[in-house]
Amino acid sequence: MGIEQALMPSPEAWLARERPDEPVFFFCPRRLGEVATRFLDGFPGLVSYAVKANPLPELIDGVWRAGVRVFDVASPAEMALVRAQCPGAVLHYHNPVRSQAEIIAGLEHRCVSWSVDRMRELEKLAALPAGTEIAVRLKLPVAGAAYDFGAKFGAGPADAVALLRRVVEMGLTPSLTFHPGTQCRGAAPWERYIHAAAEVALEAGVTLHRLNVGGGFPSDRGEGHPDLETIFATIARSARDAFETPPALVCEPGRGLCAEALMLALRVKAVEADALFVNDGIYGGLAEWRDLGAMGRVRVIDPSGRLRAGPAQARIVFGPTCDSLDRLPEPMPLPATIAEGDFLICEGMGAYSRALVTGFNGYGARRVVPMSEAF
Ligand SMILES: *Cc1c(COP(=O)(O)O)cnc(C)c1O
């Protein structure tokens with residue numbers, strides 16, 4: 001790997017040399033470290049990493065080495081993965097619905113914070129050690145995200161009040177958590193949620209141990225680098241304004257932390273006048289593109305690594321499987337001269353890409369090539 005890294009100044013150079021027929025991810029530890037530092041330095045509280053966005057062991061290791069010590073896990077397999085990678089990690093178990101076996105796994109892995117959003121699930125946690133943190137998950141009808149995370153989990157304000165009171169009765173430690181929805185375009189959803197959280201706590205008559213403001217931090221999908229610092233500042237100000245004594249803050253970014261860390265290279269299998277066939281699609285690393293639209297940060301190179309420039313032409317993009325659903329929702333503008341054997345290099349592909357690869361029809365991007373620190 002050391003030699004491969006020394007010979008690899010850029011993805012272009014590597015692709016021109018290897019000409020892989022399979023899709024390939026490039027892992028950029030330096031970019032991961034930079035984004036992690038931005039969160040650790042800028043967020044006014046504790047930063048935890050939401051593992052589901054990308055459970056790649058090298059990425060978990062990079063997040064740890066950057067200084068993140070807390071990991072948001074949703075399943076026993078994620079707990080085991082993080083424990084194997086970073087034995088000293090602090091685990092937050094923030095999947096509010098759990099089987100009995102999963103509760104036992106959470107105890108065995110010494111998870112310190114557990115989210116809940118309904119009374120029946122809270123009662124199932126009676127065996128937790130006294131004082132364990134329970135983060136009641138609040139949901140509001142909030143717009144502003146690429147899609148809504150409140151559609152599945154979360155208690156409305158009245159139910160959250162009842163849950164907080166019951167947490168205290170059970171001898172557990174009350175906190176609140178929410179998720180404003182993934183890829184939020186601005187800070188407004190956090191502002192609304194933090195004010196609502198303060199009202200819920202006041203109504204319940206409960207002093208919150210912590211307030212977890214979720215994930216939802218945006219990555220650059222082609223609209224330019226997101227202004228994370230403004231979001232951090234809004235979160236800090238909202239907490240000061242909304243609470244008489246603000247609780248300690250926690251965030252749990254997935255996408256915002258890991259998206260920059262990976263690029264994805266696709267190869268063009270065939271070109272038609274109005275369509276393009278590439279070697280990965282919605283059952284692989286492009287799963288999200290069906291719902292969020294295509295990544296805007298894509299460049300095309302020919303097999304010798306030269307950038308294709310010139311006017312763009314929109315073509316329908318089909319993935320490699322034999323399923324007719326395996327296509328992108330909108331035609332994608334790419335250089336008109338694109339040809340069979342070319343590569344598409346997609347930036348910012350670290351989140352919800354490799355994690356969602358199914359292997360359907362024998363396809364799907366799995367290979368990860370580490371880039372040198374220089375890139
Ligand atoms: C998915 C998830 C996250 C991360 O969300 P992003 O939008 O990727 O930042 C954080 N917390 C919980 C509970 C989640 O389910």
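Predicted model: local features only at pLDDT ≥ 70, side-chain atom pairs only at ≥ 80, totals over all residues.
**Helix packing**

Two packed helices are described by the angle between their axes and the distance between the axes.

| Helix pair | Angle | Axis distance |
|---|---|---|
| Helix 9 (residues 188–204) and helix 10 (residues 228–242) | about 25° | 9 Å |
| Helix 3 (residues 29–42) and helix 10 | roughly 25° | within 10 Å |
| Helix 3 and helix 4 (residues 57–66) | about 45° | 9 Å |

**Helix 9 and helix 10**

Helix 9 packs against helix 10 at an angle of about 25°. Because angles under 35 degrees count as roughly parallel, helix 9 is roughly parallel to helix 10. Helix 9 passes helix 10 in a right-handed crossing. From helix 9, the contact takes in Trp 190, Glu 191, Ile 194, His 195 and Ala 198. On the side of helix 10, these residues meet Ile 231, Thr 234, Ile 235, Arg 237, Ser 238, Ala 239, Asp 241 and Ala 242. By class, the contact of helix 9 with helix 10 consists of seven nonpolar, three polar and three charged residues.

**Helix 3 and helix 10**

Helix 10 also packs with helix 3, and their axes cross at roughly 25°. That angle makes helix 3 roughly parallel to helix 10. The crossing of helix 3 and helix 10 is right-handed. Here Arg 38, Phe 39 and Gly 42 of helix 3 meet Leu 228, Glu 229 and Phe 232 of helix 10. The contact of helix 3 with helix 10 has three nonpolar residues, one polar residue and two charged residues.

**Helix 3 and helix 4**

Helix 3 packs with helix 4 as well, at an angle of about 45°. Helix 3 and helix 4 are therefore oblique to each other. Their crossing is right-handed. Leu 32, Gly 33, Ala 36 and Leu 40 of helix 3 make the contact with Leu 59, Gly 62, Val 63 and Ala 66 of helix 4. The residues in the contact of helix 3 with helix 4 fall into six nonpolar and two polar, with no charged ones.

**The ligand**

The ligand is surrounded by 15 residues. The closest of them are Lys 52, His 179, Thr 182, Glu 252 and Tyr 352. For Lys 52, a polar side-chain atom lies 2.8 Å from an oxygen atom of the ligand. A backbone N or O atom of Gly 216 is 2.9 Å from an oxygen atom of the ligand. For Arg 255, a polar backbone atom lies 2.8 Å from an oxygen atom of the ligand.

Technical notes. Residues numbered from 1 in each chain as written. Heavy atoms only, no water. Axes fitted to C-alpha atoms, helices over the stretch in contact; angles between N-to-C directions. Helix = DSSP H or I, 4+ residues; strand = E, 2+ residues; numbered from the N terminus. Parallel < 35°, antiparallel > 145°, perpendicular 65-115°, else oblique. Left-handed = near helix turned anticlockwise from the far one by under 90°. Contact = heavy atoms within 4.5 Å. Nonpolar A, V, L, I, M, F, W, Y, C, P; charged D, E, K, R; others polar. Near = heavy atom within 4 Å. Polar contact = N/O pair within 3.5 Å; in protein donor to acceptor, adjacent residues only side chain to side chain.
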